[in-house]
Every structure is written in structure tokens, then in C-alpha cells.
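Here is a short briefing on a protein model. Look at the structure first, then work through the points below.

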Amino acid sequence: KYTVVEIDSGFFLNEKRTIKISLPKNYDETKKYPVVYTLDGSSLFEMVAGYTKILGNQMMEDDYDLGTNVIPPVITVGIFHNDRNYETQPNFKGIKYLEGPDKLKDFLIYQVIPYVNTNYSTSGYNSIIGHSNTAFFTTSLLFQSNNPFKGIIALSLVEGSTEFQKELTKTLNSKLDENYFLGYGSKDNEFNW
């Protein structure tokens with residue numbers, strides 16, 4: 001079960017943007033929930049929403065608990081792209097976002113997150129998941145001064161330039177004590193942290 005929301009974007013002019021929101025089982029407005037933002041919503045949202053319910057110990061099947069309390073119950077938000085190539089194109093020459101990804105970043109930070117925080121009971125702990133181009137996008141958030149995400153998962157991470165790799169290593173080393181979680185894999189079926 002999820003809610004579909006259309007947002008008039010102030011960053012992608014004259015475009016309605018779709019997000020889907022899945023609440024944890026037994027959602028309670030008096031409790032605060034972390035939020036997992038999922039890019040590539042058309043391919044990842046259903047999977048991530050399903051796994052967060054299982055890992056958050058919220059799924060019972062034949063009186064058997066399929067979860068292991070690996071994560072707390074979370075709100076899952078799927079971000080749907082109108083033009084994925086434009087919105088998530090990696091900048092292989094440096095660490096700054098290109099025009100489309102910069103607009104996507106601003107849309108997430110200044111429209112989607114405030115919408116979710118206003119309409120749901122959130123804890124302020126945000127995570128983001130991306131695959132391939134969107135993995136590069138999520139990892140590049142580490143270079144942003146206004147990054148609202150403490151959990152960053154990059155699946156099949158596109159390697160990027162030598163400058164990107166150096167800056168990523170430097171940035172990660174500088175954030176070791178800031179309670180970041182970065183999970184990544186440079187190819188399918190690989191995961192590191």
C-alpha cells in the first residue's frame with residue numbers, strides 16, 4: 001500500500017513530479033520515523049518498500065516473523081524521473097553536478113523532503129538509495145554542503161573520474177566520525193561499506 005503524490009516542481013519548470021510514499025505497518029503519528037528516499041522509483045521503489053518492511057520486522061507470514069529488527073520501521077519515498085538521463089547524468093570531469101542532477105538535488109532538498117516532513121511524522125534521519133547513474137548522484141551528495149542524507153546507498157556505482165575518486169576518498173575520510181552510512185558496489189551483486 002502506498003500513496004501517490006504529484007508535485008508541481010519549482011526546479012523542473014512546468015513539470016509535475018511523481019513520488020510514492022509507503023508507510024510502515026502500524027504507522028503511528030505519535031512516533032518519529034526515519035525516511036528512505038529511493039531514486040529510480042519505477043524500478044526500485046516496490047523492492048525497497050518491501051525490504052524495509054521485512055528488515056523493520058513488520059512482515060509476518062504463517063505466524064513467522066520474516067524480519068530481524070535490522071532497521072527500525074521507516075517511511076519509504078520513491079522518486080520517479082521524467083527524464084532519467086537528463087536528471088542523473090554523471091559529471092565524469094569533476095565533482096559538481098551537471099544541470100539536470102543539480103535540479104534533481106534541489107527538488108529533493110527543497111520540495112520533496114519538506115513535503116514529507118510536513119505531512120508525516122519523521123525523525124530527521126534521511127537515507128537515499130540509487131542505482132548506476134543515480135548511485136553516482138547519491139554518492140555525489142557527500143560533496144554538497146546542504147546534504148540532508150546520513151545514509152547513502154549506491155548500487156552498481158559508476159566509477160567516475162580520477163578527480164571524483166580522490167575527492168570521494170578525501171570526503172569519506174573527513175566524515176568518519178559523523179555517523180554516515182555509505183554502502184556501495186561498483187558492479188551488480190557487490191556491496192561494500
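**Helix 1**

In this predicted model, the buried residues of helix 1 are Gly41, Leu44, Phe45, Val48, Ala49, Thr52 and Lys53. They line one face of the helix, because they fall within an arc of 155 degrees when seen down its axis.

- Helix 1 covers residues 41-55, which makes 15 residues.
- From first C-alpha to last, helix 1 reaches 19 Å, close to the expected 21 Å.

**Helix 5**

- Helix 5 has 13 residues, numbered 162-174.
- Its first and last C-alpha atoms lie 18 Å apart, close to the 18 Å expected.
- Phe164, Leu168 and Thr171 are buried in helix 5.
- These three cover an arc of only 75 degrees around the axis, so they sit on the same side of helix 5.
- Thr162, Lys166, Lys170 and Asn173 are exposed on the other side of helix 5.
- Helix 4 (133-140) is part of what covers the buried residues of helix 5.

**Tyrosine 37**

- Tyrosine 37 belongs to strand 3.
- Buried means under 20% relative accessible area. Tyrosine 37 has 0%, so it counts as buried.
- Leaving out residues up to four places away in sequence, tyrosine 37 touches several residues, including Val77, Ile79, Asn126, Ile128 and Phe149.
- Val112 is also one of its contacts. Tyrosine 37 and valine 112 are 75 residues apart in sequence, but their C-alpha atoms are 9.5 Å apart in space.

Definitions and conventions:
Residues are numbered from 1 along each chain as its sequence is written. This is a predicted model: local features need pLDDT of at least 70, side-chain atom pairs count only at pLDDT 80 or more; totals for chains, interfaces and linings use all residues. Side-chain values use heavy atoms; hydrogens and water are left out. Helices (H or I, at least four residues) and strands (E, at least two) are DSSP runs, numbered from the N terminus. The expected span of a helix is 1.5 Å times one less than its number of residues. Buried means under 20% relative accessible area, exposed over 50%, partly exposed in between (1.4 Å probe, protein chains only). The arc is that of the directions from the helix axis to the C-beta atoms. Contact means heavy atoms within 4.5 Å.
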